[in-house]
Amino acid sequence: MDKWIGALVAFVVVGGLLWLAFRAWRGRERRDATLSAYPLPALEGEALLETEVLYVATTPIGSPLERLAVHGLAFRGAGRIEVFPEGVVLRIAGEQPSFLPASRIVSAGEATYAIDRGVEPGGLVAVSWIVDLNDAEPEQVAPYVDSYLRARHPGDSARIIAAVNDIAAARTVMQPHHESEASDD
């Protein structure tokens, strides 16, 4: 009888934890419902770079331990990165392709950790970009995010960083301008 009580208590505890995890993820999805990559345009010509990667996560810029549920980039998975003059295409297994236009890419660089991955120094590539806001309120400012990738082959991290930085157009972080503050002076 004691074994059944222990098993029942363990079952209730595990079930409760799973329910809390599910509820927390649903809350994150609601919070980030307006965030997404951009629609994939018709791209002409060959990619400047194409290689296999492991997609790790997308986080708010400067907060590598807070995962965002960006549509198309919410889950970790194997994939490919394709760099075109027009932007970056991330093809993650099981997801629709995600497009990051060159005009919305800030930069790319090395990283050591993200929400669920810690690696050797410089083992991750962080691509910083400005997320798309779907159905957001007009006064909402699009947040800057980091998308973390792990290159599958030696030397690919440096190639990815160089290719993304070559096409990046939004190199300066713009602060939102509030006209109401300017007119009050």
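Helix H3 (residues 179-183) has the lowest mean pLDDT of the protein's elements, at 42, while strand E3 has the highest, at 93. This score is the predictor's confidence in each residue, from 0 to 100. The elements are DSSP runs numbered from the N terminus: helices are H or I with at least four residues, strands are E with at least two.

Over the whole protein the mean pLDDT is 80, and 81% of residues reach 70 or more. Residues 170-185 stay under 50, and there the model has 13 contacts beyond four places in sequence; a contact means heavy atoms within 4.5 Å.

Keep in mind that this is a predicted model: local features need pLDDT of at least 70, side-chain atom pairs count only at pLDDT 80 or more, and totals for chains, interfaces and linings use all residues. Numbering starts from 1 along each chain as its sequence is written, and side-chain values use heavy atoms, leaving out hydrogens and water.

## The sheet and its helix

Seven strands make an open, antiparallel sheet, in the order E5-E4-E3-E2-E11-E9-E6. At the edges sit E5 (98-101) and E6 (105-111), each pairing on one side only. Strands count as paired if DSSP finds at least two bridges between them. On average, neighbouring strands are turned by 30° against each other, direction ignored.

Helix H2 (residues 156-167) packs on this sheet, touching E2, E3, E4, E6, E9 and E11, and its direction makes about 160° with that of E6. Angles run from 0 to 180 degrees between N-to-C directions, using axes fitted to C-alpha atoms (for helices, over the stretch in contact).

Now zoom in on E3 (residues 77-84) and E4 (residues 87-92): six bridges join this antiparallel pair. Here Phe 84 stands opposite Gly 87 in E4.

## A salt bridge across strands

Side chains of opposite charge can pair when their charged atoms come close. The count of salt bridges comes to three, using a side-chain nitrogen of Lys or Arg within 4 Å of a carboxyl oxygen of Asp or Glu. One of them joins Arg 80 and Glu 50, at 3.2 Å from N to O. This pair links distant parts of the chain, with Arg 80 in E3 and Glu 50 in E2, 30 residues apart.
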